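Here are my notes on this model, in the order I'd go through them on screen. Have it open as you read.

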Amino acid sequence: MKNATTLSVLALLILPAIASGQDAAKPLPDAPSSQIISAVFKGTTELGQMKADPPQSSAGIDPVAPRAPAVRAGINVEDKLHYYLTETYFNPSTLTAPAFRAGLRMANPPGKGATQYPSEWRQGAEAFGRNYGDAVAERVSFQTARFATGVITREDPRYVPSSKRSVFARSIHAISFTFVDRSNSGHPMPAISNFVGAAAGGFVGNTYLPAGFNDVTHAGQRASLRFGFAAAGNLFREFSPQMPNPMRTFFMLISQ
């Protein structure tokens, strides 16, 4: 699972460069010419020249520049509830993301030798069902705890894209947004809901996971991994506008 997270983050950082090459190859439109207009105001004739759009050149193209943030300041409980339901239940990844994680878990079970997952968690359809249920429980616990905490702390759950232009600066913004996000009014604040959500997602497995994996140490590891998924999700939200459609769809189906 850690390897999958690393590959996802690397792909997210490489894709904007691919989009950059594709956009730079596109032909540039001709600049419109300026037009001279005359106006009569209070008996005085003045000649003015309208400002035309500046001609585009290869030096002016910035394919990795983000679009203006569409997230408006101010959000109420109803908006947060709608966001929570959409992120948790009403999107395609609701079914596909847990299946993807369950498959990875069975292909690379935790532990080694005598401390490895028992066979009923590693082999067959029943094992897949157990791992699928684990992934669903972790996902729902994370999102539910994050929603409840955000309501209490007046925290905005939505991601705000960076206004920077460089890939590096935007990556730093996306990762740091996992630690410091925005309040309901748009002011920076500690991302308390992310920490609480990650803890909930990590510790929920202690109620049903096999012996040896239902302790505090393993719960802390799962919580750290869940927090890493949140950071990877922010990277996806930051760079998804520059991704090719097939790649963007793929990440959407396996994310969260």
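1. Start at S193, which sits in helix α6 (residues 192-203); helices here are DSSP runs of H or I with at least four residues, strands are E runs of at least two, and both are numbered from the N terminus. S193 counts as buried because its relative accessibility is 3%, where buried means under 20% relative accessible area with a 1.4 Å probe and protein chains only. Leaving out residues up to four places away in sequence, S193 touches R146, T149, G150, E155 and D181, a contact being heavy atoms within 4.5 Å.

2. A word on the ground rules. This is a predicted model, with local features needing pLDDT of at least 70 and side-chain atom pairs counting only at pLDDT 80 or more, while totals for chains, interfaces and linings use all residues. Residues are numbered from 1 along each chain as its sequence is written, and side-chain values use heavy atoms, with hydrogens and water left out.

3. β3 (residues 155-156) pairs antiparallel with β4 (residues 180-183) over two bridges; pairing takes at least two DSSP bridges between the strands. E155 has S183 as its bridge partner in β4. On to β5 (residues 188-190): it runs antiparallel to β4, joined by three bridges, and D181 is partnered there by M189. β4 and β5 make a hairpin with four residues between them, and G186 in the turn has a positive phi of about 95°.

4. Last, α3 (residues 93-107): its 15 residues reach 20 Å from first C-alpha to last, close to the 21 Å expected at 1.5 Å a residue. Among its buried residues are A97, R101 and R105. The buried residues of α3 pack against α2 (77-88), α4 (124-153), α7 (216-239) and α8 (245-254).

Methods:
The expected span of a helix is 1.5 Å times one less than its number of residues. Buried means under 20% relative accessible area, exposed over 50%, partly exposed in between (1.4 Å probe, protein chains only).
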